[in-house]
Amino acid sequence: TYSVNARQEDVLPIKKDVPDLDLRLSGWLTTLPRPLFGVSPTSPFKDERVRQAYFYTWDRDLFIDAFYNAAETKKSGVEVEHMWEVGLQANTWRGWILDGKSKDFGPNAKYLKKDLAEAKKLMAAAGFTGPLEIDNNTPTGLATQATFDRGVEIIVGFAEESGLFKTNRKLSAFATSFIPNFNNAKGNFNGLA
């Protein structure tokens with residue numbers, strides 16, 4: 001038995017070489033970086049339309065595939081379940097989670113789908129006609145830094161690829177700077193974290 005929450009590059013060759021290997025689904029894993037939007041008086045994210053536009057740049061299925069190698073894993077014969085996590089982390093309250101792409105989620109599911117046309121309309125309505133330059137304050141010193149950074153790069157890539165945002169990445173020591181200045185700041189900063 002081999003848990004699929006192991007690194008995919010370790011699991012796939014083993015399954016290919018030993019087809020009788022029993023691979024089982026683990027519980028939900030959660031890794032989607034959660035942006036913290038600065039809503040101070042000078043932050044562009046104080047405008048809800050800019051926050052919504054940022055989310056409209058995300059392709060959640062592509063994130064799952066890029067981060068977890070889901071399509072390749074499935075092709076190798078390993079079943080892959082995934083969901084669009086929102087609100088509560090999927091790995092903490094199994095049974096309470098609504099998948100953002102399920103019909104049960106309701107009308108707000110539209111905000112979870114990639115929609116660059118809608119994102120452009122929202123940015124124009126908020127007064128931004130070119131790429132909005134923003135600071136992305138990223139924590140450093142995490143035990144899982146490489147994994148965290150990979151997720152951030154994918155999300156930032158979606159935003160930049162849209163042509164609506166240009167990101168200046170600023171690093172912030174997790175314990176001494178990120179926690180007090182961003183995590184616990186109640187949105188009193190510019191840009192996002």
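Modeller: Before we start, helices here are DSSP runs of H or I with at least four residues, strands are E runs of at least two, and both are numbered from the N terminus.

Colleague: Fine, and what kind of model is this?

Modeller: This is a predicted model, in which local features need pLDDT of at least 70 and side-chain atom pairs count only at pLDDT 80 or more, while totals for chains, interfaces and linings use all residues. Residues are numbered from 1 along each chain as its sequence is written, and side-chain values use heavy atoms, with hydrogens and water left out.

Colleague: How far apart in helix H7 are Phe-174 and Phe-178?

Modeller: Phe-174 and Phe-178 are four residues apart in helix H7 (residues 174-183), so about one helical turn separates them.

Colleague: And how do the rings of Phe-174 and Phe-178 pair?

Modeller: There are 13 aromatic pairs in the structure, where rings of Phe, Tyr and Trp (its six-membered ring) pair if their centres lie within 6.5 Å, and planes under 30 degrees apart count as stacked, over 60 as edge-to-face and the rest as tilted. Phe-174 and Phe-178 are stacked, at 6.2 Å centre to centre and 20 degrees between the planes.

Colleague: Is Phe-178 buried or exposed?

Modeller: Phe-178 is buried, at 6% relative accessibility, whereas Phe-174, at 32%, is partly exposed; buried means under 20% relative accessible area, exposed over 50%, and partly exposed in between, with a 1.4 Å probe and protein chains only.

Colleague: Changing topic, which residues do ring pairs link into a cluster?

Modeller: That cluster consists of Phe-37, Phe-45, Tyr-54, Phe-55, Trp-58 and Phe-165.
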